[in-house]
Every structure is written in C-alpha cells, then in structure tokens.
Amino acid sequence: MRHVNGTKLVIAALVATLGALLLPLWSYADRTGTGQSELEAGTVATEWGPLSAGDRDFLVKVRLAGLWELPAGQQALQRAPTKAIRDCGDHLIVGHTDLDERVRYAAGKLGVGLPNQPNEQQQGWLRELTEAQGTAYQRKFAMLLRSAHGKFFGQIGQVRNNTRNALVRRLADAANVTVLDHITMLERTGMVDFDSIANDAANAPPASPTGPPPPTSTVVPVPIPVVPEDGVRTTSRPSPSPTGEPTADSTRAPRFGSRAGSGTDHGPGADYDD
C-alpha cells in the first residue's frame with residue numbers, strides 16, 4: 001500500500017510540474033498577433049503614412065518637454081550663479097523654442113491635439129527649482145533635467161525605429177539632435193550623479209504609452225507657442241536641422257535651425273522650404 005501511495009505521489013508531482021510548464025504556453029497561445037492588433041487598432045491613415053498611438057504620444061511628449069524645460073532654462077539664465085548652468089539654460093530655451101515650432105507644425109498637419117501646460121510631475125519639478133537656492137539649486141537643475149532628457153532620449157530612438165509616418169520621423173530626427181545637445185551641456189556642469197541615474201533606471205517600471213486617441217475632427221485646437229519671456233537673451237543657435245523624410249508634394253515642411261556649412265543662421269520658424 002505504501003508503494004502504491006508513493007507511486008501516486010510521484011505521478012501527481014509529475015503532473016503538477018508538467019502543468020506549471022504548460023500553463024505559460026497555454027496562457028499566451030492566443031496572444032499571437034496581439035501586438036499587431038493593438039498597433040492597428042490605434043492607428044489612423046494620414047497623407048504622410050500611418051499614425052499610431054505611439055506616434056501621437058511622442059508628439060505630446062515633445063510638446064510637454066518644451067512646456068517645462070523652456071521656463072526652467074529662463075530661470076537658469078536669471079538665477080544661476082555659474083556660467084555652466086546659464087549656458088544650459090540658454091541651450092534649453094533655444095532648443096525647445098525650435099522643437100516646439102516643429103511639433104506644432106507636425107501636430108497641425110496630423111490632426112493631433114497638444115497640451116498647453118506642463119503635466120503635474122513637470123509642474124512639481126518647476127516648483128522644486130523655484131524653491132531651491134545656491135548649490136542645491138544647481139544640482140537639482142542638473143539632475144532633474146539630465147534625468148528627464150535621458151529617459152526621453154531612449155524613447156526618441158524607439159519612435160524613430162518604429163514609426164511609419166514621415167512627419168514623425170522628421171520630428172524624431174530633430175528631437176534626437178536637440179536632446180543630445182542638452183544632455184551634453186548638462187553633463188558639462190559636473191553636477192550629474194550618474195550612479196543615481198543608473199539606479200533610478202534599474203528600478204523604474206516599464207513604460208506603456210498609449211498616446212491620445214485618434215483625431216475625430218478635422219478642427220484641431222491651435223496650441224499656444226512656447227516662447228521666451230521678453231528681455232531674455234540667448235546666444236546659442238538651434239541644433240542643426242537633420243535630414244528628414246520627404247513630406248507629400250502638397251505640403252512643405254518648415255526649415256528650422258542653422259544648416260552646417262551654409263553660413264546662414266535661420267532662427268526658429270524663420271523660413272520654409274520653397
């Protein structure tokens with residue numbers, strides 16, 4: 001009898017082990033094509049190629065970046081006691097003034113609504129900077145902005161790789177150049193704690209952006225431009241305009257920034273391709 005009971009226990013254990021191995025396969029057996037289905041469900045056709053939920057999410061994030069980083073840059077020019085931080089502020093203002101015009105152009109063509117104020121987290125960062133003083137302000141400025149730019153830099157690469165929309169590719173190219181420039185400037189301050197950034201990244205939950213819903217109307221609210229305050233003077237130039245994907249013949253994309261080797265400086269939004 002003991003032998004029989006032992007055999008039953010062994011069989012039961014084998015069945016349980018087999019079930020544990022097969023359960024994940026069974027659970028995901030019907031998920032083949034789920035990612036593709038989700039992609040198509042949130043995608044709308046446009047003149048410049050399919051526009052996915054991830055594409056729309058990217059447009060919103062570019063806009064949000066300018067809504068808090070440009071005022072942070074203005075604050076740095078007015079308050080920072082060191083040239084390194086003031087230089088960062090200068091680059092933030094010029095870069096995001098340029099990017100904001102690019103994203104408003106793309107969003108207008110693609111029918112994507114954009115926010116007109118920073119999100120709650122970004123407003124909290126601005127409050128932190130406003131309340132900080134002296135060296136604490138400089139370190140907080142460098143770390144908050146370097147962390148935000150670093151996270152966005154990775155997202156730009158994903159969008160540039162995955163998008164099927166020509167206007168989104170052009171915007172991703174420009175954002176890549178500008179964000180890398182800002183990362184470089186922030187790191188030159190010597191106040192970036194790379195260990196802290198690495199630890200935060202290791203413990204961060206995976207992001208799952210959904211993006212705003214597909215446009216339901218051809219009438220898109222016009223977002224308020226992000227512009228520097230009167231009296232704020234900048235010395236840097238917009239990042240060089242990268243080579244982008246061609247748009248449809250019926251629409252000309254704006255040309256921003258200085259072009260390498262051209263000897264001509266085009267201010268943000270100053271010219272359009274003829």
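Select Lys-61 and Asp-57. Their side chains meet in a salt bridge, with N and O 3.2 Å apart. A salt bridge here is a side-chain nitrogen of Lys or Arg within 4 Å of a carboxyl oxygen of Asp or Glu. This is a predicted model, in which local features need pLDDT of at least 70, side-chain atom pairs count only at pLDDT 80 or more, and totals for chains, interfaces and linings use all residues. Residues are numbered from 1 along each chain as its sequence is written, and side-chain values use heavy atoms, with hydrogens and water left out.

Now show the helix around the pair. Why are the two separated by about one helical turn? Because Lys-61 and Asp-57 sit four residues apart in helix H3, residues 53-79. Helices (H or I, at least four residues) and strands (E, at least two) are DSSP runs, numbered from the N terminus.

Lys-61 is partly exposed, at a relative accessible area of 26%. Asp-57 is buried, at 13%. Buried means under 20% relative accessible area, exposed over 50%, and partly exposed in between (1.4 Å probe, protein chains only).

**Next stop: helix H4**

Select Arg-104 and Asp-100. They form a salt bridge, and the closest N and O atoms are 2.8 Å apart. Both lie in helix H4, residues 83-110, four residues apart, so about one helical turn separates them. Is Asp-100 buried or exposed? Asp-100 is buried, with a relative accessible area of 2%. Arg-104 is partly exposed, at 22%.

**Across to helices H6 and H7**

Select Arg-146 and Glu-187. This salt bridge has its closest N and O atoms 2.9 Å apart. The pair links distant parts of the chain: Arg-146 is in helix H6 (residues 134-162) and Glu-187 is in helix H7 (residues 166-187), 41 residues apart. Arg-146 counts as buried, at 12% relative accessibility. Glu-187 is partly exposed, at 31%.

A search of the whole structure finds eight salt bridges.

**Into Arg-63**

Select Arg-63, which has its place in helix H3. Arg-63 is buried, with a relative accessible area of 0%. Draw a line from its C-alpha to that of Asp-100.

Now colour the residues that touch Arg-63. Contact means heavy atoms within 4.5 Å. Leaving aside neighbours within four places in sequence, the contacts of Arg-63 include Asp-100, Val-103, Arg-104, Leu-114 and Pro-115. Pro-223, Ile-224, Pro-225 and Val-226 are also among them.

**Two helices side by side**

Show H3 with helix H5, residues 120-131. Two packed helices are described by the angle between their axes and the distance between the axes. At what angle do H3 and H5 pack? The angle is about 5°, and the axes are 10 Å apart. That makes H3 roughly parallel to H5. Axes are lines fitted to C-alpha atoms, for helices over the stretch in contact, and angles run from 0 to 180 degrees between N-to-C directions. Angles under 35 degrees count as roughly parallel, over 145 as roughly antiparallel, 65 to 115 as roughly perpendicular and the rest as oblique.

Select the residues where they meet. From H3, take Leu-64, Ala-65, Trp-68 and Pro-71, among others. From H5, pick out Gln-122, Trp-125, Leu-126, Leu-129 and Thr-130.

**A stop in H7**

Select Leu-180, found in helix H7. Leu-180 is partly exposed, with a relative accessible area of 40%.

**Colour by confidence**

Switch to pLDDT, the predictor's confidence in each residue, from 0 to 100. The protein averages 78, and 64% of the residues score at least 70. Confidence is highest in H7, at a mean of 97, and lowest in strand S2 (residues 271-272), at 34.

Select residues 21-32. Here pLDDT stays under 50, and the model has zero contacts beyond four places in sequence. Then select residues 244-274. Here too pLDDT stays under 50, but the model has 65 such contacts.

**Zoom out**

Show the whole chain as a cartoon. The protein has eight helices and two strands. From the N terminus, the elements run α-α-α-α-α-α-α-α-β-β. Of the 274 residues, 41% are buried. Among contacts between residues at least 6 apart in sequence, 77% join residues at least 24 apart.
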